[in-house]
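Please examine the sequence and the structure shown below.

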Amino acid sequence: MSDIVMTDGTTPRRSLEPAIFRTLGLAFTVFIVAYILIPIVVTLVMSFNDAAMIRFPINDWSLKWYRDFFGSPQWTDALMNSIVIAVGTAVISTTSGILAAWAFERFHFPFKDLWYLLIMLPLFMPGVVLGLGVAIAFGGLQIGGYSIYGSRELVMVAHSLWAMPLVFMLMEATFRTIDYRVIEASYDLGARPARTFFEIVIPMVSTGIISSALFAFVISLNEFAMALFLTDRDTQTLPVLMWLSLRSAGTPRLAVASVILALAVFACLTLIMIWYVRQLRKVAR
Amino acid sequence: MKQLAGDAALDLESVRRTFGTVVAVDDISLAVARGEFVTLLGPSGSGKTSTLRLIGGFEELDAGAIRINGERIDHLPPYQRDTATIFQSGALFPHKTVAENVSYGLRMRKFPKSEMEERVRRYLDIVRLKGFEDRYPGQLSGGQKQRVALARSLVVRPAILLFDEPLSALDLSLRLQLRAEIKRLHDELAFSAIYVTHDQSEAMAMSTRVAVMNRGRIEQIDSPERVFHEPANEFVYTFIGESCCLPVRFGSGAATDKLGQPIDLSLEMKPSDGDWRLYIRPSRMKLAGEATAFANRLTAKVQFIEFLGDVYRYHLKAGALEMFSDHPGPTGHNVGDMIDIGWKTGDMQAFR
Amino acid sequence: MTVTAVKESPSYELNRRKAIRRKQLTPWLLMLPALVIVFIFFGIPTLYMLRMSFNLHIGQRLYVPGFTFEHYVNLFANPLFTNAIWTTVQLSLLSSLCTVLIGYGFAVLVWLKPAKWRLLFIGLALCPLLISEIAIIFGWWMFFPKNGLLSYALLSSGLITDKISLMYTEFAAFVGLVYVTLPYCFFILLSIFDGIDKRMLEASADLGAPPFMSFREVLLPLTRSGLLVAFSQSFIWTIGTYATPSALGPDTLWTMGYLIQEQMLGKHNWPMASAFSMVLVVGVACAMALTRSLMSKRTSFHV
């Protein structure tokens, strides 16, 4: 006979997991944790290596390679390019994604399913294909004397091919959760649709917007295949530089670059967590 | 806004709204005079909410016209209509303070800041929420939220207030409390209102006039007393208050039920032959000893007895006829006993 | 608003028409930026590539306008290329299978655990998503070779006597691929699990079923659609990637993605690169269509 259900909803262990499953479960957990952590820990550890070669065991520890990274214009420029492009991608994709999601949520127009599919389509295409297409189609284009090939703006748009559908999907789901009577209340009191959108809707979905923007930022920051096709020596992003250096310069500098890239992401994440907690404290009970 | 002296605050003229093949609002005409509190009362699906939303501008008419203070508004979006709605859940702006919520409508009407602050404070005082200016909706109780919603809509002094079942999400004691509040506010401020509810006691307590709706049409629109005592048809009668229905067939001098069994029924005035539905309110049916005083009588068997606190409810059966009646104390009868029931002719309604 | 004593203002009809027109136009204006991105930066390039794949390639020029099927023929005739296609598909199928299995187990684990553990594991599962593919490659790059962590750990614990290298092996490529697609599978499956009432398992146990039976009879059927979606997602992603297999795997491990990159940047053969891309796109589309049809077959059973 089964046991009583616990008040916190967990299934009581005894009836489902005899000892053998317990140990298997534990072993599997250890395996998963180790599997996920290995490359992360290895990179982190290696970044503090003092030697010029990548080998274990590590005998000397120092911040030498960090200093090397920040002292090298090629690498810091690449970092800057990555960040600028990522911010640009976040702006472009969040704006276009939100507006499109709002159109889907509040308006009626024919063939909605088809348009949904079309907007989501680029997300399923491999980065190589998207990058190749953009490079071939727009590579030779010149606008006002400036060649757009190798420009950061082009990479921003290319990254938005992945980021915008993601934002769109997330925001569409978010919009579906808002109480539309609040929107009606705003109209009812005299606010036009545009005013309602910016003053009422956007603040209500602010966490959704921030999360989507963060996703867009991370996707762009870490993206490599498209950037490889679309950047040149001046605008190359950090992942591209890392890839090009992989076969030739296998030094801890690459480990440092990995760590810095991850830090950029975690820094954003932390800022957002702080903002989120402050929001909660202000508005909730 | 210039308006003619005789203009109603709200005028619905043959308003019609269909959803596909379903007619939600079927040719409704209604006029609300200035200062009147009109309730649309009916079961779900009766079209009362659709009518309200048509007035507010949240849905579009298929036919007819809507006028506010004489001017046609049915082509205007909600933000250009002089209406303010109080929603069921309050629909407060969660990220704005109480004061910001209440001043929202005034901001949209470009009120100067000082006048806005003064008005907001005054109306928060009126709904008894003085000092709540800087709280957020997430920090308020259900009743407080509805008060803020009231203040938010009252403060812009619209031509007509629209209430969309604002009390149905609250528990009973809160509902009664706020019901009295709204009535008080109406007495004090004399606003014009359309109130939608399915709760008849709410409708009766607050309204100047009640419009009983069914399947998109208004069955009767009258003062609460007249709707209760002089129902226009069977639907209104059965919807308002409790009643017992006795389907009886009269033929060749005898009364029989649906299955043809004879009923021991004596009536003061015999109706013509045919199938009738007799209605009596259970409070008007007297039992046992008291029954003998009345001209209309029936004998039935006690099925079961419910103790409802204030009264004892006797569930009775005569043939296929089922009825119940309330008695302040036990009559001494038990389940299975035959008991006399009597009532006045004036308390009975008969429909074919 | 107009101030008038007349019952109907003359601008009534005009305002009405304006309102209707605005209502029809607004959604398209809102969608414009997104549609520009999709049609101009995805639609046009795709059509461009399609056209390009039929162009000629002569000598050092990127491409020569013309019309020929030679690139497609080459693709399917040249054993080098057909091998690459076969390798890609094989590798993707295997790694997707593995990813789904591990992801399933991981999801079950997290689903059954109490709340405080859940947050920790979700945070853990997010890590590979937040880290660049290159950084991941590089992480394994320091683990597998002779002087890497694996060799060092095994050596110092006495399990082996000589330095070992698993670098540039199919296994390493495999490990890398599974690592990158694992989070996606995990989150897809976890969301499916969250939609299932845990008490069903308990009811099954209550009725006398041993754990494995509960799994097979209750959990598996309910999560079948999730498995399909996770597998399909993983497969679609892995057939398009090339960085991980080419960096961690042997030099003979050529994937479609790698060939595209090589034709574009190495051989400067735009038509060939485009032809490969088209084949890859068709492959992805087929995989998506197949998934969709299998999904709808599933749901039709539950009417």
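In chain B, an open sheet of 4 strands is arranged in the order 2-1-4-5, with antiparallel pairing. Strand 2 (22-32) and strand 5 (71-72) of chain B stand at the edges with a single partner strand each, so one side of each is left without a neighbour in the sheet. Strands, like helices, are DSSP runs numbered from the N terminus (strands E, at least two residues; helices H or I, at least four). Two strands count as paired if DSSP finds at least two bridges between them. Within this sheet, B:E71 in strand 5 of chain B is the bridge partner of B:I68.

The model is predicted: local features need pLDDT of at least 70 and side-chain atom pairs count only at pLDDT 80 or more, whereas totals for chains, interfaces and linings use all residues. Residues are numbered from 1 along each chain as its sequence is written, while chains are lettered from A and ligands numbered from 1 in the order in which they are written.

| Strand pair (chain B) | Sense | Bridges |
|---|---|---|
| Strand 4 (residues 63-68) and strand 5 | antiparallel | 2 bridges |
| Strand 3 (residues 37-41) and strand 9 | parallel | 4 bridges |
| Strand 9 and strand 10 (residues 217-222) | antiparallel | 5 bridges |

Strand 9 (residues 209-214) of chain B is mostly covered, with 5 of its 6 residues buried. A residue is buried if 20 or more other C-beta atoms lie within 10 Å of its own, exposed if 12 or fewer do, and partly exposed in between, with C-beta atoms placed from the backbone. In strand 9 of chain B, B:V212 stands opposite B:L41. B:V210 stands opposite B:D222 in strand 10 of chain B. Strand 9 and strand 10 of chain B form a hairpin with 2 residues between them, and B:R215 in the turn has a positive phi of about 50 degrees.

Chain B is assigned domain 1 (10-239) and domain 2 (244-351); such bounds come from an automatic or database domain assignment. The centres of these two domains of chain B, taken over C-alpha atoms, are separated by 41 Å.

Chain A has 13 helices and 2 strands. Its radius of gyration, taken over C-alpha atoms, is 24 Å, whereas a compact globule of 285 residues would have one near 19 Å. The globule rule is 2.2 Å times the number of residues to the power 0.38. Of the 285 residues of chain A, 43% count as buried.

Which residues touch the most other members of the largest nonpolar core? They are A:A100, A:L132, A:A158 and C:F276, in a core of 145 residues. Helix 7 (residues 170-194) of chain C contributes the largest share of this core, 14 residues. Domain 1 (13-65) and domain 2 (73-283) of chain A both give residues to this core, so it lies between them. Another core, of 76 residues, lies apart from it and includes B:L10, B:V32, B:L40 and B:I55. A nonpolar core is a set of buried Ala, Val, Leu, Ile, Met, Phe, Trp, Tyr and Cys residues joined through C-beta atoms within 7 Å.

Finally, 70 residues of chain A are in contact with 65 residues of chain C. Helix 2 (residues 19-46) of chain A gives the most to the side of chain A that touches chain C, with 13 residues. Two residues are in contact if their C-beta atoms, placed from the backbone, lie within 7 Å.
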